[in-house]
Amino acid sequence: MSVKQAVILSAGESSRFWPFNSKHKSLFKLMGRPLIWYTIQNLKKAGISDIVIIQGPEREVEKTLKDYGVKARFVVQKRPLGTGDAIYQARGLIKGSFLVVGPHKLDLDNYLPPLLQKSKKNPEGVVLAGVKTISPWDYGVLKIKGNKVLGIVENPPKGKEPSNIKATETYILPPDFFDFYEKLTQKEDNLIGAINSIIEQRGAELVLLKKDSVSLKYPWHLLNLSKIFFSFQYFKKSISPSAKISKNVIINGDVFIGKNVTILENTVINGPCYVGNNSKIAANNVFRAPVILEDDVMTGAFCEIKNSIVGRGTHLHSGYVGDSVIGENCRFGAGFITANRRTDRNNIKSIVKKEKIDTGLTRLGAVIGSDTRFGIHTGTMPGVIIGSGCNIGPGTLVFENLEDNTTFYAKFERVLKKSRR
């Protein structure tokens, strides 16, 4: 039996995705559409049109996707009790073997075909995607003997990992998965427990990926997603006939320029780059790929943007934005600078939920929520996360995270000295 159904996991609090977690992370928009929309298109491309989406009690995913004409069935997970419980909520809608996938798997079309092919070999077992990792203790890791998968070990102690192959967030499960889940004494968040029970009785098929699939746990992972977007079928190199591009503007590589965009003199755009509708780019700007500017973005003269995402309606004056993610409707005074490298060139660490996380990146600027404002001559240190609705005073350099709705000003003391005669 071929797989015709998919369950997309879009419930949960997305707490590690702050400051973009006022809605589920699947609704973050790139190139004008929410991430989950692209995942749905990949499923349809593979012939899977019966899609069940698990969402939270606010039903924000369902409300958003209606605006894009998406046809799917929606199920509510009333409390965030983990992925196992989320899938269990869909039990009344599942009729055969089904695919379980995260909502941000924009690269799904790269490895879904072999997963579907493997499911024909063992339709009653589990099919999963795995990939090699240098830090297996951080993941669910496959226990393997020869070419046979024996199970998944969650977060094994460092030095006691059964292999260096982690399971990704993509599984094909048999229709009676729910019978196995109901037999667990500890059901909360125990997707892996149910999968291991099936593997023990019926075995598993593994598709070993050559490179890691897209992850979206932390907000800086969006920078990896943006790179994928430019090799994606939905990105098309084009310049709208309604765009007004001044003389001496240099455009190199794959660049999309939307409707009613204005680009003034001596600006240099090195693609891949996406400039959304109604954006206004002042003179002497430099964009260094990859760059995504959503609709209605405005920049001042002498603004440089490199490897960054800028949300809809944000206005930037002069300055430098590097390796950063900026939310919607932010305002930046002249001279704003993101520091994006440590002086010792080591990996940049960021604080998430009071825990210091090694981002694995040697270049990372700032992550800034929506509706935040910066005065003139302000800046951020590498890896700083600033919440939504913040107000940063002029001349302020931000060294640490700022929670939502924080007002933060540097304090200057003026010392007057009498001159000697």
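## The cavity

The largest cavity holds about 30 Å³ of space. The model is predicted. One cavity of 30 Å³ or more is counted. Rolling a probe the size of a water molecule over the atoms shows where empty space is left.

Which residues line the largest cavity? The lining is made of C303, L316, H317, S318, G319, Y320, V321, F332, G333 and F336. Strand β24, residues 319-322, contributes the most to this lining, with three residues. By class, six lining residues are nonpolar and four are polar. No charged residue takes part in the lining.

## The largest nonpolar core

In soluble globular proteins, nonpolar side chains tend to be buried together. Here, the largest nonpolar core has 59 residues. L35, L43, I53, L99 and L222 have the most contacts inside this core.

Several helices and strands supply two or more residues each to the core. The helices are α1 (35-45), α2 (60-66), α4 (112-121) and α7 (221-229). The strands are β1 (5-10), β4 (50-55), β6 (98-101) and β7 (126-132). Helix α1 gives the largest share, six residues.

## Around L99

What does L99 touch, leaving aside residues up to four places away in sequence? Its contacts are V3, Q5, A6, V7, L43, I48, L112, T170, Y171 and I172. One of these, L43, is also among the core residues with the most contacts.

## A second core

A separate, second core has 35 residues. Among them are I87, F177, L184 and A204.

Definitions and conventions: Residues are numbered from 1 along each chain as its sequence is written. This is a predicted model: local features need pLDDT of at least 70, side-chain atom pairs count only at pLDDT 80 or more; totals for chains, interfaces and linings use all residues. Side-chain values use heavy atoms; hydrogens and water are left out. On a 1 Å grid over the protein atoms alone, a cavity is a set of points where a 1.4 Å probe fits but cannot get out, and a pocket is an open set with protein on both sides within 12 Å along at least five of seven lines; lining residues have an atom within 4 Å of a point. Grid points are joined across faces, edges and corners, and a volume is the space filled by probe spheres set on the points. Helices (H or I, at least four residues) and strands (E, at least two) are DSSP runs, numbered from the N terminus. Ala, Val, Leu, Ile, Met, Phe, Trp, Tyr, Cys and Pro count as nonpolar, Asp, Glu, Lys and Arg as charged, and the others, Gly among them, as polar. A nonpolar core is a set of buried Ala, Val, Leu, Ile, Met, Phe, Trp, Tyr and Cys residues joined through side-chain atoms within 4.5 Å. Buried means under 20% relative accessible area, exposed over 50%, partly exposed in between (1.4 Å probe, protein chains only). Contact means heavy atoms within 4.5 Å.
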